[in-house]
Amino acid sequence: MQALEICFWVAAGLLVYTHIGYPLVLLALDRLLPHRRPAPPFAELPRVSLIVAAFDEAEVIEARVANALALDYPRELLELIVASDGSADATAELARAAGADLVLELPRGGKIAAQNAAAEGASGDLLAFSDANAMWAPDALRVLAGEFADHEVGYACGQARFIDQGGSNQEGAYWRYELAIRGLESRLAGVTAGNGAIYAVRREAYLPLGPASSHDLSFPFMLTKRGWRAVYAPGAIAEEKMVATNEGEFARKRRMMRGVIDEVVGDGMLAPRGYRPLYAFEVASHRVLRYASPFLHLVALGANIALVGESPLYVATLAIQVAVLLAAALAGAVPLRPLRLARYYVLVTASIVAGLWDRIRLGTPGAWEKAEGTR
């Protein structure tokens, strides 16, 4: 029984640590360790190429172009590029008519291929990226670009805010928790992930990625390995609609998770060479343990069932695990917030396994979905 007890407590301890302990450790480190000094602002603003990759986005592309052109940033320093990834609708024509500086009509190759093509033809000192359905605050680009006054910064992501469409999805609550962690990581060693709604990379730091990768996950750790710093700019705000239901969020994250194995292994997240010690700690605590969560849950549940006759303590721990699963199952019939949160957690955790299974069955992802409900 000793081996089973070790398995249970290690698995349960790692789950508690990655979701609760890690943020508390970051808070403590944030108080104890010195912070980097802010760099003086640019004497002259850099030229920025704002790239919007789009697939069949005729419904939103005109609004996205208008929003970009209305940003509080000198027009002569802003190049707006729309990369249409084999769109079958009028995305390209509408983007061109709305005033985009460059519209690329590309064969269907996936989001990364479209972004790579746009980056290759861009003229900006900074390359900024956005989803087609994300609307930026007027000062968002100034704030985002301002991070690059620090010559160590190679990547910066802004704050994505989600418009609640009144459904059951609890992504908003999770995202606020995630952004709090991101802010702490940024002040310490750097962020371990970004978001697709609003981010930028220094032109000389840009890396053409493969079709299974994503800028959101791969750029922060890959650029950190190359000596750059990846930061979070909470004042650079973008808004986009949130998927209405927890089930829709599961499907969205399942698509995202299909490519994670390629990024974690293929792009070198697990290879520590090039990481500063504190950044390696962040990656292990925030990324590796999160992606291992469904397997840790299975170990904890299986070992707990085997140990339930050994002590009342194991009856209690099993009751907690079963209660979470029952709450998730009841959330559809009883729409109480605690039950919905439990359902969100269970579905999002399960999406990691589902995405891995899709990767095994279907191979490397390439094509992508519309920007609605993606990040």
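**Aromatic pairs and overall build**

Phe 8 is buried, with a relative accessible area of 3% (buried means under 20%, exposed over 50% and partly exposed in between, with a 1.4 Å probe and protein chains only). The model is predicted, so to speak of local features a pLDDT of at least 70 is needed, side-chain atom pairs count only at pLDDT 80 or more, and totals for chains, interfaces and linings use all residues. Residues are numbered from 1 along each chain as its sequence is written, and side-chain values use heavy atoms, with hydrogens and water left out.

Trp 9 is partly exposed, its relative accessible area being 41%. A pair of aromatic rings is described by the distance of the centres and the angle of the planes. Across the whole structure, 11 aromatic pairs are found (rings of Phe, Tyr and Trp, the last by its six-membered ring, pair if their centres lie within 6.5 Å; planes under 30 degrees apart count as stacked, over 60 as edge-to-face and the rest as tilted). The ring centres of Phe 8 and Trp 9 are 4.8 Å apart and the planes stand at 75°, so this pair is edge-to-face. Elsewhere, a cluster joined by ring pairs takes in Phe 129, Tyr 155, Tyr 199, Tyr 206 and Phe 219.

Now for the protein as a whole. Of its 375 residues, 51% are buried. Along the principal axes, the C-alpha atoms fill a box of roughly 70 × 45 × 35 Å. Among contacts with a separation of 6 or more, 80% come from residues 24 or more positions apart (contact means heavy atoms within 4.5 Å).
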